[in-house]
Amino acid sequence: MKISILDDYHDTLRTLEVFEKLAGHEVTVWNDHVQDADALASRLADAEVLVLIRERTKIRKALLERLPRLKLISQRSVYPHIDVADCTRLGIVVCSSQHPGTPSYATAELAFGLIIAAMRDLPRQIDSLKAGGWQAGVGRTLRGKTLGVFSYGRIGAVVAGYGRAFGMRVVAWGREASRERARAEGFAPAASKEAFFEECDIVSLHMRLVEATRGIVTTRDLARMKPDALLVNTSRAPLIEPGALVAALKAGRPGMAAVDVYEEEPLLDIRHPLLDLPNAICTPHLGYVTRDEYEVQFADVFDQITAYAAGAPINVVNPEVLKNARQ
């Protein structure tokens with residue numbers, strides 16, 4: 001089969017051990033990011049299989065209708081960037097492993113790395129040293145601080161464990177099931193959402209973006225945070241009410257933010273307001289971007305392709321398509 005892989009920025013996938021799963025197929029790898037429908041339609045004109053790296057490229061109706069040879073889209077995790085209903089209408093199978101029970105340790109590690117970087121003011125300290133200076137200020141210790149995990153799912157549970165290892169008090173918030181799981185694993189839920197934002201020294205967001213969670217962190221929530229508190233977001237930007245984080249950082253509650261995700265990605269505008277704030281640390285959506293994580297994720301993605309080729313597709317998110325799938 002003719003397979004196209006989009007958005008492999010550093011040409012990493014062909015160097016993975018799991019890439020051998022695609023042996024015998026004709027694979028084209030694109031290393032830049034293109035969202036223009038005309039350009040994508042030209043690139044993918046002969047593609048029978050499309051491999052996506054998470055949500056980097058939106059696959060919408062206007063593009064899908066111009067890809068008559070496309071039979072399969074294979075990816076991992078959530079798929080708000082794919083018009084699944086149109087895939088079904090056009091006979092295109094969508095496979096996406098939801099990896100139950102398998103957290104992204106890479107994302108959890110980055111979240112905690114951002115916590116340390118912000119609390120010890122590492123970017124400014126490093127810049128000072130490179131500029132010929134010495135210590136640029138005094139940081140803060142994590143031990144004894146209150147870490148708030150919102151919510152206590154697969155990644156949130158790992159971050160909570162890291163907090164415990166650092167001697168922090170860990171508090172959880174989220175849906176009732178999330179709070180119950182946290183309680184069962186020895187972490188106290190906050191008394192309320194309001195209390196959660198008021199009492200935590202650090203709040204780290206770990207939710208999927210669905211309609212119920214869009215804008216779940218509001219201007220009022222941020223205003224409740226301490227003036228020296230830190231908000232960390234390695235999940236999705238729209239979890240926070242539009243414009244609320246920049247306004248809150250300018251107002252001084254919370255005092256800091258560490259952000260890995262943005263409304264529009266890739267973020268290439270150096271005038272973006274978050275990049276201009278001295279109390280914000282920004283990274284370019286690195287959460288899952290490690291070689292180890294890629295080996296895990298693309299084992300699933302490539303297994304979906306080999307299963308489809310064998311006539312037994314797995315992790316199909318639109319099973320109703322199977323009765324009229326393209327041949």
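Predicted model: local features only at pLDDT ≥ 70, side-chain atom pairs only at ≥ 80, totals over all residues.

Biologist: What makes Phe196 and Phe197 an aromatic pair, and what kind of pair is it?

Modeller: A pair of aromatic rings is described by the distance of the centres and the angle of the planes. The centres of Phe196 and Phe197 are 5.3 Å apart, and the limit for a pair is 6.5 Å, so the two rings count as a pair. Their planes stand at 90°, and over 60 degrees counts as edge-to-face, so that is the name the pair receives.

Biologist: How many aromatic pairs does the structure hold?

Modeller: There are ten aromatic pairs. One of them joins Phe112 and Phe166, with ring centres 4.8 Å apart and planes at 40°.

Biologist: How do you know which of the labels buried, partly exposed or exposed belongs to Phe112 and to Phe166?

Modeller: Phe112 has a relative accessible area of 4%, which is under 20%, so Phe112 is buried. Phe166 has 38%, which lies between the 20% and 50% limits, so Phe166 is partly exposed.

Biologist: Which residues do ring pairs link into a cluster?

Modeller: Phe19, Tyr288, Tyr294, Phe298 and Phe302 are linked into a cluster by ring pairs. Tyr288 also has the charged end of Arg54 over its ring, 5.0 Å from the centre. Elsewhere, Arg179 lies over the face of Trp173, with 4.4 Å to the ring centre.

Biologist: What makes E2 and E5 edge strands?

Modeller: They belong to an open sheet of five strands, paired in parallel and ordered E2-E1-E3-E4-E5. Strand E2 (26-29) and strand E5 (93-97) each have a single partner strand, so one side of each is left without a neighbour in the sheet. On average, neighbouring strands of this sheet are turned by 20° against each other, direction ignored.

Biologist: How do you know that E1 is paired with both E2 and E3?

Modeller: Two strands pair when there are at least two bridges between them. E1 and E2 are joined by four bridges and run parallel, and strand E1 (residues 2-5) is joined to strand E3 (residues 49-51) by three bridges, again in parallel, so both count as pairs. Ile5 of this region stands opposite Val29 in E2 and has Val51 as its bridge partner in E3, while Ile3 has Val49 in E3.

Biologist: Which strands stand at the edges of the seven-stranded sheet?

Modeller: That open sheet has the order E8-E7-E6-E9-E10-E11-E12 with parallel pairing, and strand E8 (188-189) and strand E12 (280-282) are its edge strands, each pairing on one side only. Inside this order, E9 and strand E10 (residues 230-233) pair in the parallel sense over four bridges, and Leu205 has Asn233 as its bridge partner in E10.

Biologist: Why does Val259 count as buried, and what does Val259 touch?

Modeller: Val259 lies in strand E11, and its relative accessibility of 3% is under 20%, so Val259 counts as buried. Leaving aside neighbours within four places in sequence, the contacts of Val259 are Asn233, Leu245, Leu274, Ile281, Cys282 and Thr283.

Biologist: Which residues touch the most other members of the largest nonpolar core?

Modeller: Within this core of 29 residues they are Phe196, Leu205, Leu222, Leu245 and Leu274. Helix H10 (244-251) is among the elements that give two or more residues to the core, and H10 gives the most, with five residues.

Note on methods
Residues numbered from 1 in each chain as written. Heavy atoms only, no water. Phe/Tyr/Trp six-rings, centres within 6.5 Å; stacked < 30°, edge-to-face > 60°. Buried < 20%, exposed > 50% of the residue type's maximum accessible area, 1.4 Å probe, protein only. Lys NZ or Arg CZ within 6 Å of the ring centre and 35° of its normal. Axes fitted to C-alpha atoms, helices over the stretch in contact; angles between N-to-C directions. Core = buried A, V, L, I, M, F, W, Y, C linked by side-chain atoms within 4.5 Å. Contact = heavy atoms within 4.5 Å.
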